[in-house]
Amino acid sequence: MARPAVAIGGLCLAAAAASLTLPSVPTTDGWGWVVWGRELLGGDLQTHVAGAPSWKPLPVLLVAPLTLLGDGAPDAWLLLARAAGLAALPLAYLLAARLAGPPAGVIAAVALALSGGWFRGLEHGYCEPLVIAALLGAVLAWLDERRGLAFALVFVASLARPECWPVLAGLGVWMWRRDPGLRP
């Protein structure tokens, strides 16, 4: 399974890189995360600035090392966000195909691509497509009985969307009670 995953990841990264040949800039959220990433690395993080996007630790933590690229940081964030968001398509296919067969997989991937806001989220470098990929990956990991990976992916998603916190708490309680080896 490692080779197909690497190939799919490479294709998503290549498609995201190709998308940067079109005029691309992050929106307010992306620019705010770049600013906060620079402040985080500089040791002077100020999240209470008026007009900035809502605080989301995931994109800030991901973009912080990218700010070392200087003026390339916004494009690097778009590349990362778009590649991760594009990875949601094959993950949607894999999950639906596993549960209901390959035709369902195709329908799931197409439905995700056509869903309201998904393409715009990719275009502007929002973190929601990345969250979708993390959650789809978490479900697949859970089905493969890779509980630790599933928990980690839900944790990643919860750093961007507080709606994931109840799921994270539920998984934590379940794993604490049922899988003592994962407690640490």
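**Figure 1. Salt bridge between Arg 98 and Asp 144.** In this predicted model, the side chains of Arg 98 and Asp 144 meet in a salt bridge, at 2.5 Å from N to O. A salt bridge is a side-chain nitrogen of Lys or Arg within 4 Å of a carboxyl oxygen of Asp or Glu. The pair links distant parts of the chain, 46 residues apart: Arg 98 belongs to helix α4, and Asp 144 to the loop between α7 and α8. Helices are DSSP runs (H or I, at least four residues), numbered from the N terminus. Arg 98 is partly exposed, with a relative accessible area of 43%, and Asp 144 is partly exposed at 42%. Here buried means under 20% relative accessible area, exposed over 50%, and partly exposed in between (1.4 Å probe, protein chains only).

The model is predicted, with local features needing pLDDT of at least 70 and side-chain atom pairs counting only at pLDDT 80 or more, while totals for chains, interfaces and linings use all residues. Residues are numbered from 1 along each chain as its sequence is written, and side-chain values use heavy atoms, with hydrogens and water left out.

**Figure 2. Salt-bridge network around Arg 161.** The structure holds four salt bridges. Lys 56, Glu 128, Arg 161 and Glu 163 are linked in a network of them. Arg 161 pairs with Glu 128, the closest N and O atoms being 2.9 Å apart. Arg 161 lies in the loop between α8 and α9 and Glu 128 in helix α7, so this pair ties together parts that are 33 residues apart in sequence. Arg 161 also forms a salt bridge with Glu 163, with the closest N and O atoms 2.7 Å apart. Both Arg 161, at a relative accessible area of 24%, and Glu 128, at 26%, are partly exposed.

Figure 3. Most residues other than glycine have a negative phi. Glu 145 is exposed, with a relative accessible area of 62%.

Figure 4. The buried residues in α8 are Arg 147, Ala 150, Val 154, Ala 157 and Ser 158. An α-helix has 3.6 residues a turn, so residues three or four places apart point the same way. Cover for the buried residues of α8 includes α7 and α9 (165–178).

**Figure 5. Thr 67 and its contacts.** Thr 67 lies in the loop between α3 and α4 (73–100). Thr 67 is buried, with a relative accessible area of 10%. Leaving aside neighbours within four places in sequence, Thr 67 is in contact (heavy atoms within 4.5 Å) with Val 34, Gly 37, Arg 38, Leu 41 and Ala 73.

Notes: Helices (H or I, at least four residues) and strands (E, at least two) are DSSP runs, numbered from the N terminus.
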